[in-house]
Amino acid sequence: MTTTEDCRAFTARLKAYEGRPAATGGIGKDPVNAPMIRHWCEAMGDAHPAYTGPDAVAPPTMLQVWTMGGLSGHTGRAGAYDELLALLDGAGCTAVVATDCEQEYPRLLRPGDEVTFDAVIESVSDRKRTKLGTGYFVTTRMDIRVGGELAGTHRFRILKYAPAGSAASEGRDRADSAPARGEPAARRPRPVVNRDNAGFWEGVARHRLLIQRCAGCAAPRFPWLPGCNACGCPEWDTVEASGEGTVYSYVVMHHPPFPAFDPPYAVGLIELAEGVRIVSNVIGVPYDKVRVGMPVRLAFERYDDDLVLPVFRAGDDAGAAAGAGPEPKPRPEPGPGTRDGG
Ligand code: ZN
């Protein structure tokens, strides 16, 4: 897109998708049922009595469970959604991040209910410049019904964008400004520092990982929040993490590609000795040698003049098990506060 006029015309093409079906005639693969409710409650740690027993209802936030296609794919007819996304891909908006989801529950679901659903492309935003890159917010709304009666709506918004630093994001013509091979990778995203987490980032700057501790009930918490989710107390102080931790869980990122990162790389959920967990990256072992339960130790990694992030180095045992070869290039993911719910 080279001119404002082109940009306006493209936005108008995108807006023409508003109101068009994203999917129609969907039928839930299983009726609402007790085993799936039980598995979900166990996974979420939700022991509310309304979800068990003869008069059980399904947790309302399970809504999407009843419409998911699973590995065997979706039922119903695809609408114009894929076409819209392909149009955005063609304009250089090849990256995607889910930004938020809203649900409404006009009617509770009970075991035995059979759901049907339809989805519509509700809105496409104007072209927006974000920290991730320039792109368009696309909102779809799914209406879930039982016997024709509206039981829930699921509104889902994504940002389909051209990564910051890419030609498409800067509005340059891609043909004459494609990055050369070997060109330095884009800068890593900056953390979003606000009044609720500023103390955390001040600690990181001094190479200290600070955990909040509730003044009311002494519960440690992380990431930083204005109040305690155990007792509601707004007063707190901090404790410095000892730096000892273990890999509680991890994923290996392959897709989508992002300019500042070099997939595949491992992103770990680290359980600190203090009992809280932090998303960060595990360094000192290849991405495919990261394991649940692996001991790790806090380190601070400098990425550029004004970016230091806490990362976790795999312990000596893990290093020996991985062959203690030359250390791979660290590939951390953004620190806390840089994620946007995607
Ligand atoms: Zn508390």
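A pocket is an open set of grid points with protein on both sides within 12 Å along at least five of seven lines, and its lining residues have an atom within 4 Å of a point. Keep that in mind as you look at this predicted model.

Start with the largest pocket. Its volume is about 680 Å³. The lining takes in 21 residues. Nearest the pocket's centre lie Gln64, His74, Tyr81, Thr140 and Met142. By class, the pocket lining has eleven nonpolar, seven polar and three charged residues.

Now turn to the cavity. The structure holds one cavity of 30 Å³ or more. The largest cavity has a volume of about 60 Å³. Its lining includes Ala58, Pro59, Pro60 and Leu63. Tyr105, Arg107, Leu108, Leu109 and Ala151 line the cavity too. Eight of the lining residues are nonpolar, none is polar and one is charged.

Five strands close into it in the order 11-12-13-15-14, with mixed pairing. From one strand to the next, the twist averages 50 degrees. Look at strand 14 (residues 295-304) and strand 15 (residues 307-314). They run antiparallel, joined by eight bridges. Here Arg297 stands opposite Arg313 in strand 15. Helix 5 (residues 198-205) lies across strand 14 and strand 15. The helix runs at about 75 degrees to strand 15.

How values were computed:
Residues numbered from 1 in each chain as written. Predicted model: local features only at pLDDT ≥ 70, side-chain atom pairs only at ≥ 80, totals over all residues. Heavy atoms only, no water. 1 Å grid on protein atoms, 1.4 Å probe; cavity = no way out; pocket = protein on both sides within 12 Å on 5 of 7 lines; lining within 4 Å. Points joined across faces, edges and corners; volume = space filled by probe spheres on them. Nonpolar A, V, L, I, M, F, W, Y, C, P; charged D, E, K, R; others polar. Pairing = 2+ DSSP bridges. Helix = DSSP H or I, 4+ residues; strand = E, 2+ residues; numbered from the N terminus. Axes fitted to C-alpha atoms, helices over the stretch in contact; angles between N-to-C directions. Contact = heavy atoms within 4.5 Å.
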